[in-house]
Structures are given as structure tokens and as C-alpha cells.
Amino acid sequence: MVAASFLLGALAIMALTLKLPLAALLATIALVGIGTSGTQMLIYGSVANYFPGVAWCAGFGRLGGVGGRLIAAGLSIATIFFVLAGLALIGVLLALVMPASKAAATQGLAVAN
């Protein structure tokens, strides 16, 4: 679910660079919200499988706030959207390689050794 939510967010953010009719734009913005805020809520549950707290995850998640710095750097809105979508695609890859639980990760290490 985490990977799917990241992917939805990435695709919806990229779709914001298109010239869409108002109804489609509003629907796309709703999908961006599901794919970004929804992912943030899902990732907390995933991280809780490995660590007793999620505070570091919440702090690291603030990297999405880099958009303001990109605007200050003079990048176009479309470029910023593609950068943010690229970060979400990295999230897809990381979510896909993450074991389902801490026990699964520990078993994988035991097999490898």
C-alpha cells in the first residue's frame, strides 16, 4: 500500500504540469492529497514495524517542504513538480524493497549469513 500510495502521488504531481480542465485539475489535486498525505500516514505504520517510535520518520518527511527553496532558486513550477514526483518515485522503490516486518528482515539476514 505504501508503494502504491507513493506511485499515486508521483503520477498525480506529474499530472499537475498538464493543462487540465478545472474538474480534472480538482480531481488531480485530490489525488495528490491522497498520494502525499495518505502516504505519510501509511509510512508511520510501516516504520512502527521496525522502530519503537516514528519521530525521526516525521522529521525526515519534512524534506517535502523543499519546494519553497526550489521556488527561491528560480525553478519553474513544472520543474519543481517533477523533482517532487522523482522523490516520490524513490519512495516507491524503497517501499518495494522494504521487508514486510522486522521479523522478515531478521529472517532474511539469518538466511544470508
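Predicted model: local features only at pLDDT ≥ 70, side-chain atom pairs only at ≥ 80, totals over all residues.
Pick out L96, which sits in helix α5. Its relative accessibility is 59%, so L96 counts as exposed, the cut-off for that being over 50%.

Now follow α5 itself. Its end C-alpha atoms lie 31 Å apart, which agrees with the 30 Å that its 21 residues should span at 1.5 Å a residue.

Which residues of α5 are buried? They are I80, L84, A85, A88, G91, V92 and A95. Look down the helix axis and you'll find these buried residues within an arc of 135 degrees, so they line one face of α5. There's a simple rule behind patterns like this: an α-helix has 3.6 residues a turn, so residues three or four places apart point the same way.

From here, head inside. The largest nonpolar core has nine residues: V2, A3, I43, Y44, V47, C57, A58, V92 and A95. The elements giving two or more residues to this core are α1 (2-15), α2 (22-48), α3 (55-60) and α5 (77-97). With three residues, α2 gives the most. Apart from this core lies another one, made of seven residues, including A10, L16, V32 and A88. You've already come across A88 as one of the buried residues in α5.

Notes:
Residues numbered from 1 in each chain as written. Heavy atoms only, no water. Core = buried A, V, L, I, M, F, W, Y, C linked by side-chain atoms within 4.5 Å. Buried < 20%, exposed > 50% of the residue type's maximum accessible area, 1.4 Å probe, protein only. Helix = DSSP H or I, 4+ residues; strand = E, 2+ residues; numbered from the N terminus. Expected span 1.5 Å × (residues − 1). Arc of directions from axis to C-beta.
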